[in-house]
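Q: I would like to go through this structure with you. Could we begin with the terms and then turn to the details?

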Amino acid sequence: MIPKSLTFVKTYSGEDIDFLYKKITEDIVLDGKDITFGSAAEPKRAREIYATIQLYGKAIPEILAGKTPENFRWSGDKITDYQDSFLIPLEEVGVKQFDDTDFEYTYIELMRKFKTIEGDIDQMTISKDKLAENLKTKIQSNQNVGVVYHPMYWDSHNPPCFNWYQVRMLDDNQVSLRLLFRSNDYGDAVWANLCGIAKAFNELVIQPAKCELVEIILTSSSAHIYANEADLAKKVSGFDWNRDENNKKSAVLRLLGHKPKA
């Protein structure tokens, strides 16, 4: 028997980030499940799917350069400044200023100073060394992984959304970067985080190991858009958040990229 409620799972693959962003947003708007999440004190209404995106070709240098899709909220200096925040010297990672610029944690802190009972672990350096060994021996490995989520944030109001990564050598010196997010805001955050994280891995792990990043696979266990971003979702996808307002489109036409009437 099929359960009454199942997760809507979608996979995407391509090098055109504008098209991918539009298609994912369209699927969230038209097929996503309406949910309320967050906390009792601060409930948030959203619509979500489970999404896996494979990026390659021209998408890789664009992401590394800080280019984001058309109609995404962040672009230009905001993105490149965010990328630079991942590349600060190790001794500055996690240093608190004790003012309103401090965060509970940063991704680069969890990646480079992961707290353990035996001290901090620089997972990026470990990944670089493992990748260099893979290249030297010409033996591929699934063991080059890191954990970004930390149990110490179990009671946090906003525990890390980025949870896990894998650096996988493919053919020759080519590399696939696999990222897992427990939660991804596709209206306001996903492409910014992707640009920052990919740049960090490229400059701190992949290039120092004399390898080349050719693929990124992003898995979002909750690829969502908040209901208060309905106008943005319509601008990106062309479809109204209120599904009753949309013309009925067959699955075939949607797969062919059929656009709704203006």
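A: A word on residue classes comes first: Ala, Val, Leu, Ile, Met, Phe, Trp, Tyr, Cys and Pro count as nonpolar, Asp, Glu, Lys and Arg as charged, and the others, Gly among them, as polar. This is a predicted model, in which local features need pLDDT of at least 70, side-chain atom pairs count only at pLDDT 80 or more, and totals for chains, interfaces and linings use all residues. Residues are numbered from 1 along each chain as its sequence is written, and side-chain values use heavy atoms, with hydrogens and water left out.

Q: Which residues line the largest cavity?
A: The lining consists of Phe181, Asn184, Val190, Asn193, Leu194 and Leu218. A cavity here is a set of points on a 1 Å grid over the protein atoms alone where a 1.4 Å probe fits but cannot get out, and lining residues have an atom within 4 Å of a point.

Q: And the classes in the lining of the largest cavity?
A: Four residues are nonpolar, two are polar and none is charged.

Q: What is the volume of the largest cavity?
A: About 30 Å³, where a volume is the space filled by probe spheres set on the points, and grid points are joined across faces, edges and corners.

Q: Which element gives the most to that lining?
A: Helix H6 does, with three residues. Helices (H or I, at least four residues) and strands (E, at least two) are DSSP runs, numbered from the N terminus.

Q: How do H5 and H6 pack?
A: H5 (residues 123-137) and H6 (residues 190-206) pack at an angle of about 60°, their axes 8 Å apart. That angle makes H5 oblique to H6: angles under 35 degrees count as roughly parallel, over 145 as roughly antiparallel, 65 to 115 as roughly perpendicular and the rest as oblique. Axes are lines fitted to C-alpha atoms, for helices over the stretch in contact, and angles run from 0 to 180 degrees between N-to-C directions.

Q: Which residues make the contact?
A: H5 contributes Met124, Ser127, Lys128 and Leu131, while H6 contributes Ala200, Phe201, Leu204, Val205 and Ile206; contact means heavy atoms within 4.5 Å.

Q: Now the strands: in which sense do S1 and S3 pair, parallel or antiparallel?
A: S1 (residues 9-14) and S3 (residues 43-56) pair in the parallel sense over six bridges. Two strands pair if DSSP finds at least two bridges between them. Lysine 10 stands opposite alanine 51 in S3.

Q: What about S2 and S3?
A: S2 (residues 33-38) runs antiparallel to S3, joined by six bridges, and the two form a hairpin with four residues between them.

Note on methods. 1 Å grid on protein atoms, 1.4 Å probe; cavity = no way out; pocket = protein on both sides within 12 Å on 5 of 7 lines; lining within 4 Å.
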